[in-house]
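Trainee: I would like a close look at a single part of this model, the side of one chain that meets its partner. Please set it in the context of the whole chain.

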Amino acid sequence: MSLFLIVALPFLGALLPGVMNPAGRSATAGVTFTITLAAFVGLLTNLPAVLNGEVVTNGINWMPVLGLNVTLMLDGLGFFFALLILGIGLLIIAYARQYLSRDDNMGEFFTYLLLFQGAMVGIVLSDNILLLLVFWELTSLSSFLLIGYWKHLPEGRQGARMALTVTGMGGLAMIGGMLILGQIAGSYDLSDILQNRDLIQASPLYVPALILILLGCFTKSAQFPFHFWLPHAMAAPTPVSAYLHSATMVKAGIFLMARLWPVLSGTPEWVMIVTTAGLITMVLGAVIALFKHDLKSLLAFSTVSHLGLITMLLGTGTSFGAMAAVFHILNHATFKAALFMSAGIVDHEAHTRDIRRLGGLRHLMPITFAIASLAALSMAGIPLLNGFLSKEMMLEEAHHTVLFGSHWLVPVMATVGSLFSAAYCFRFIGHTFLGPVRDDYPHTPHDPGAGMWLPPAILVTLVVLIGVAPFVAEPFVKLVTASLLGSAGEVPDAHIKIWHGLVPALYMSIVAVAGGLLMMLVFAPLSRLWESTPRPEAKVIFEAIINGAVRAARVVMHSLHNGSFTRYAMIAVVTVLAAGYHAWITGAVGVPTREMQAPGAVAIAGWAMLVAATLGIVFFHRNRLLALILMGIVGLMVSIAFVFFSAPDLAMTQFTVEAVTIILLLLALNFLPNRTPVESTTLRRFRDATVAIAGGLGSAALAWHYLLRDAVATPISEFHLANSYKGGGGTNVVNVILVDFRGFDTFGEIIVLSIAALLIYALTETLLDGPVRRRLLNRTPDQPQSGTRHPMMMVVLTRVIMPVVMMVGFYIFLRGHNEPGGGFIAGLIVSIGVVMQYMASGFSWTAARLKYPYHGVIGAGVLVAGFTGMGSWFLEKPFLTSDFTYVRIPPFEKFELATAALFDLGVFLAVVGAVMLSLESFSRLARRADMPDSDHPMDIDPSREKPSPDLRTPEPEAH
Amino acid sequence: MTHAAGLLDIALSIALVTLALGQIMSMVRLMIGPTTGDRILALDTMVINALGLVVVLGIQQGVKVYFEVTLLIAMLGFVSTVALARFILRGDIIE
């Protein structure tokens, strides 16, 4: 089966469990099982090729420019992990069917599980490291969903958040490390990277890359000091713990270390960091595990410890260590998943996981006892079980490992770790299953149905099989080791045997088991001692760090971003001033190259009015309406200034925007008090005035400076002027820039504009749904109002002028490409034309006569612009490539047809829709209960058959 | 330069100065008020004066497109005035 399909199957299949949910729990589990089985079988079809030592690859180029390609590869190592993921996945699915209760949403669970499975398979089959990173993040996200699956449990939510934070941050570090690695190797494909061991290790960036990648691996695989998230993630349902936290996800970090082993390992840095982290994790995890009372916590810390063991083996950097690591990954996956499932069975049956409340279960649950004991003994390293074999290999490797110049450090630590490991295994068996039967279980336990014990039983069969007959697994382990080592090492020819003779490893093993038994004898006083020693609590520290980070972020954010516009304006002005001042004193300032021009009377008058209007705003700004009128003057004078400086385009735009702004602000002012109260202190106003004056003087100085000098570099306007007609087919450079040269920007801008308009709409709709609605409806006007709502004169005038406005808009739109105008101005003109109708005849009358909702107009605009851009794809040109031609239809003159005009139509529609939707939303708020909507265009309508009921003269009563 | 052109230049200059003066006077009216109605009227007068200014500038600089700017101002300039007037009369400009 194609590798694509193997990776895609779980993702595609993730859609099914949710759909199957109503069909019942068995159907849901069944469909999930089938999907996984299909992927599993698909994987097995590639087995012959892998056994032949071939590397199966599938690939397509996705974004070659970025080096991001969807290339998958399957070699021994990938096959091994994929086998674990899909094989144990099958057992977990069968187990989860029995484990989850009727209250749990099974479809949701299996959807998450399949998403996770797909992401995991993606990691181990990725050839491209960027693709691998994508899957890596997906595992973090899907595991977040799985850990937090029981949303009602606070521990579940907190554990999920902690896991996401830690692994997410590690993932972030890893992105950096992978990018550096790709830069060094010159390729993001693993098959290329793995060939460049010398190049990568010689690079000065090797150490940063190594540390960043290891951060990712250590967080994912719960290595010290990031081990703390794993026990908290145990709040997840047991199938999740068994799957994610023993067999698969926590092995992702290990997998990546193994995958990159050929290029990263062997250096002193690697040995020091990886071995040390692994060793500490192994011992620390084992010690903590011994004193945990919750079965799952015990297993969680034992997982931490075993992951440390594997990490340490990879850290030694020898071929034998790598082989031992591979073998232990296999063994750990089998016995640990079985142990988690057994713990789940105990929890399910006895309704508690507290080891202090258990004991004597061997009589009540013989099958579970057998399964759990075999798995735990294997973990303890008892001969004839698979854990013994890999533990022997580990001790053998530790015996030869020198760390920090010491020959005894690693062997002693490894023995101590094994000792505690044996001790907690014995405790797991002894305190749960052995001892007298108690009469105070929360629920009387008995063995569950075969559906629940069969999956762990299958795993334990493997445990025993490999333990008794290691030669069965040996070829496979060596195959995987060979692909792990790549060209960096030879597969050791040592055989995996039960009996090696009287070697140091055997003595260490004996010490560990004997010590473990001894420790069980003195467990009670030891436990009391442990309870009375103060220990740092990881969760408290983590929460404190998170809270500190949140507080720090809040301090920074609230001082800059407190929701007050004046604050932003001040920050912006001060920053720009500082930057400008810096540029001024450090840069070279050229001499003036242009002559001062004499000011004319008109210019002076315009300037004086601008100054007067601005000063007026400063002094009268508390009267909001007056401030608005004065702003109208500023707008008007700016429009005139644009005309004066020969920019009619800008003048038209400015003028129409002014009109729309005034209408919008008046609509808003309707809900605001007429005067702004004095709220700021004198000192504060003084400060604001200083900033404002400095900003004004600064921009004046800048304008003065640039008006007297030529541009330092050739401005781009030369290019635009030269190419506007040649390339864009238009003589109006402004319009050609908008729809052609910078068409993509414009496309983005109309989308932003549309989103803003839709947001305004959404916000007002939310307001109208809430408690505000009643207050809005029952407002009473704060001043006497005129009696005419829709005066006839205004109605007639706006109706008469409407077609004229539309025609002018049409004209401005059409000729926009060659002369001042275009879709934007035309859109504003048409909007004003429509708003006039709203003002004259009222909201409901106008709204009833509009066929198309403004949302639709906006959407049509964006779509028209987008499709115009996409049209160029059919001619194999980039997005938004424009073209134009001239046609002549008799009897008309020759005229131009340009695709840019179609794009401009999109702009036009988006502008009309956005402006109208925002105005309409605002005016929607102003409906009042005492003002019924009128069906008539004006108050006194001569064409009305009957006079308005309000105006009807009372008929004389008949006697 | 012909006398006619010279005369036109003089006329245009006078017109410009007159219109500018008119603008400034409207501005004064706008500032002193006293009622909001006066101020809105002043703004409307300023729009009309601006029309004149653009037309005269267009004649002076010989640019045709200015007349289209005046077209827009003439066609839409009253909308702001109407909106402001409706605001003081009814509070709600679209009802």
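Predicted model: local features only at pLDDT ≥ 70, side-chain atom pairs only at ≥ 80, totals over all residues.

Into which domains is chain A divided?

Mentor: Chain A is divided into domain 1 (1–161 + 229–259), domain 2 (267–521) and domain 3 (730–777 + 788–941), with bounds that come from an automatic or database domain assignment. Residues are numbered from 1 along each chain as its sequence is written, and chains are lettered from A and ligands numbered from 1 in the order in which they are written. The model scores ipTM 0.89 and pTM 0.70. Chain B has an average pLDDT of 85, and 96% of the residues score at least 70.

Now the part you asked about. The contact takes 49 residues from chain A and 40 residues from chain B, two residues being in contact if their C-beta atoms, placed from the backbone, lie within 7 Å. On the chain A side, the elements that give two or more residues are helix H29 (601–620), helix H30 (624–644), helix H31 (648–669), helix H37 (792–814) and helix H38 (823–841). Helices (H or I, at least four residues) and strands (E, at least two) are DSSP runs, numbered from the N terminus. H31(A) supplies the largest share of that side, 11 residues. By class, the side of chain A that touches chain B has 39 nonpolar, eight polar and two charged residues; here Ala, Val, Leu, Ile, Met, Phe, Trp, Tyr, Cys and Pro count as nonpolar, Asp, Glu, Lys and Arg as charged, and the others, Gly among them, as polar.

As for the whole chain, chain A holds 41 helices and four strands. Its radius of gyration is 38 Å, well over the 30 Å that the globule rule gives for 959 residues, so chain A is more spread out than a compact globule. That radius is taken over C-alpha atoms, and the rule is 2.2 Å times the number of residues to the power 0.38. Along the principal axes, the C-alpha atoms of chain A fill a box of roughly 110 × 95 × 70 Å. The C-alpha centres of domain 2 and domain 3 of chain A lie 70 Å apart. Of the contacts in chain A with a separation of 6 or more, 79% are accounted for by residues 24 or more positions apart.

Key. pLDDT = per-residue confidence, 0-100.
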